[in-house]
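Please study the sequence and the model shown below before reading on. This report describes selected parts of the structure in turn.

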Amino acid sequence: MVNVIKMNHVSYKYEKQNVLEDITLEVPKGAFLAIVGPNGSGKSTMLKLLLGLLRVQQGSIELFGQDIRSFKHSEKIGFVSQKANSFNTGFPATVFEVVLSGLSRKIGLFRLASKEERQKVLNVLDSVGMLEFRNKNIGELSGGQQQRVFIARALVSEPELIILDEPTVGVDAKNVQQFYDMLEELNKELHITLVLVTHDIGVISDKITHVACLNKHLHFHGDSRAFNALNENELSSIYGHEVQILHHHH
Amino acid sequence: MISGLFQYEFLQNAFLTGIIIGAIAPLLGVFVVVRRLSLIADALSHVTLAGIAFSLLLEKKLGVLSGLNPLYMGMGFSVAGALFIERLRSVYKHYQELAIPIILSGGIGLSAIFISIAHGFNTDLFSYLFGSVSAVTRTDLWIILGISLFVIVAIRLLFKELFLLSFDEEHAKASGVPAKFVHFIFIIMVALVIAASMRIVGILLVSSLMTLPVAASIRIAKGFKQTMIYSVIFGEAAVVGGLFLSYYLDWAPGGTIVLLSILILLLSILYKNIRLRIL
């Protein structure tokens, strides 16, 4: 089976500081991978590399079996960022307009959306349960609702892989569970490969198929059952002082 | 004024220019405001003044460029200033707003020097600062019409990309929007529209035409398209109303247009507050 993501001995430096060292990782099609690690462990850098926002310095990355430097199918990849710092909540755009913007790449430069494409937006909004909010301004919604809209924006271009960067920051606890249930559906029913950076490892341990623990180096990468069996000493060595946060959820 | 409109070419020029500017300045202004670049308009208008002063200086001292519309040099300076701001913003990554006072003071400084070398100009500089109905020539009108066509076509063609870039820059880049190219076109458009609006509202007030109608519209509009439509309506109301008022009361048109814009802004805030209280 083709790997959706294949990282081969990837290292990355900001100026002289090593942020990622020698990362090798494979994500098979249909996987639900959680990337965990303390702050400053290089998680965001890794996502930025995968999204093409940073250029590979050392090693190589393949997406859908193609080298990332010649990869031209960004519509195959959806991206949901950390809500809190990704947009200005006073922005005058309706939910419909935000989701439509997810089709930009598919529609292509210099063109406007067709009727079919607008219908597609309505269908996706319906599937995430946000259809009735389509004419509301995005800033009027709660954090959880906004995040559903951003999932819809990622889904509308029918991606095969969705990358999520701590998507539940700023979402209240009650809606976090719902949000992860929705991700599970996308993974199991639509067979979309998911890569999720998160701190909520306890909440999702029964939904994910793979775990990667990152702290500059990749400490562990296997299926999630193996992760649950990891003993405390191993977790401490990965997380250092933050180990209690992790156990709190278990 | 209605009868004057049929009689006097200068009134026709001012009026037609006003109608064009009243639409494109707020239209582009929507993107300027949501990208939090409102002050860039101010900085560029001062650079435009330097360009105009330079053109008038060359004409007076050297006799070259006589007959050449100072608007061209103003546009040139404005575009150069815009590119320079972009350069500075990437140099001072963590203090991007620094680019604005640097360019703004640079623009005023240059203007002051050009004006002093020339020992003043015959042309009424006052009309460049605060706008004038009688100063708009037929050539100005054609130049402004050309700029407007460029801006409208560019916004139409790059609408999706401009929207995405304004809403969520990181997402735009990740989804393959040619961010640098789109931003470059955008900043050129801003520079050109500022140079074009200057004739009617004047250098000191140009940025208000890009920001005030948008500020009013953002309070009451639902969504981005509606924000654009209301901004243009408010912009037109302020410009057309302001030109009529300034003609009859013999006030500077720039000032009248700006005060009308502020009145519209206050009304939209009031309207929103009343609606919130009723609902």
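The structure discussed here is a predicted model.

**Chain A and its sheet**

Chain A contains 11 helices and 10 strands. Of its 250 residues, 41% are buried. When contacts in chain A between residues at least 6 apart in sequence are considered, 70% of them join residues at least 24 apart.

Chain A includes an open sheet of 4 strands, arranged in the order β2-β1-β4-β5 with antiparallel pairing. Its edge strands are β2 (17-28) and β5 (66-67) of chain A, each of which pairs on one side only. Strands of a sheet pair through backbone hydrogen bonds, in either a parallel or an antiparallel manner.

Strand β1 of chain A, residues 3-14, pairs with β2(A) in the antiparallel sense over 8 bridges. β1(A) also pairs with β4 of chain A, residues 58-63, in the antiparallel sense, over 5 bridges. Within these pairings, particular residues stand opposite one another. A:Lys13 faces A:Asn18 in β2(A), and A:Lys6 stands opposite A:Glu26 in β2(A). β1(A) and β2(A) form a hairpin with 2 residues between them, and A:Glu15 in the turn has a positive phi of about 50°.

**The contact between the chains**

How many residues of chain B are in contact with chain A? There are 22 residues of chain B in contact with 22 residues of chain A. On the side of chain B that touches chain A, the elements giving two or more residues are α8 (159-167), α9 (169-174) and α12 (223-249) of chain B. The largest share of this side, 6 residues, comes from α8(B). By class, the side of chain B that touches chain A has 11 nonpolar, 5 polar and 6 charged residues.

**Helix α5 of chain B**

Helix α5 of chain B, residues 99-117, has 19 residues and reaches 27 Å from its first C-alpha to its last, close to the 27 Å expected at 1.5 Å a residue. Its buried residues are B:Ala99, B:Ile100, B:Ile103, B:Leu104, B:Gly107, B:Ser111 and B:Phe114. These residues cover an arc of only 125° around the axis, and therefore they lie on the same side of α5(B). On the other side of α5(B), B:Pro101, B:Ser105, B:Gly109, B:Ser116 and B:Ile117 are exposed. The buried residues of α5(B) pack against α3 (38-61) and α4 (70-91) of chain B.

| Residue | Phi | Position |
|---|---|---|
| B:Arg36 | about 55° | loop between α2 (9-34) and α3 of chain B |
| B:His119 | near 50° | follows α5(B) |

B:Arg36 has its positive phi although it is not a glycine. Is B:Arg36 buried or exposed? B:Arg36 is exposed, because 12 other C-beta atoms lie within 10 Å and a residue with 12 or fewer counts as exposed. B:Asp250 is exposed, with 8 other C-beta atoms within 10 Å.

How values were computed. Residues numbered from 1 in each chain as written. Chains lettered and ligands numbered in written order. Predicted model: local features only at pLDDT ≥ 70, side-chain atom pairs only at ≥ 80, totals over all residues. Expected span 1.5 Å × (residues − 1). Buried ≥ 20, exposed ≤ 12 C-beta atoms within 10 Å, placed from the backbone. Arc of directions from axis to C-beta. Contact = placed C-beta atoms within 7 Å. Nonpolar A, V, L, I, M, F, W, Y, C, P; charged D, E, K, R; others polar. Pairing = 2+ DSSP bridges.
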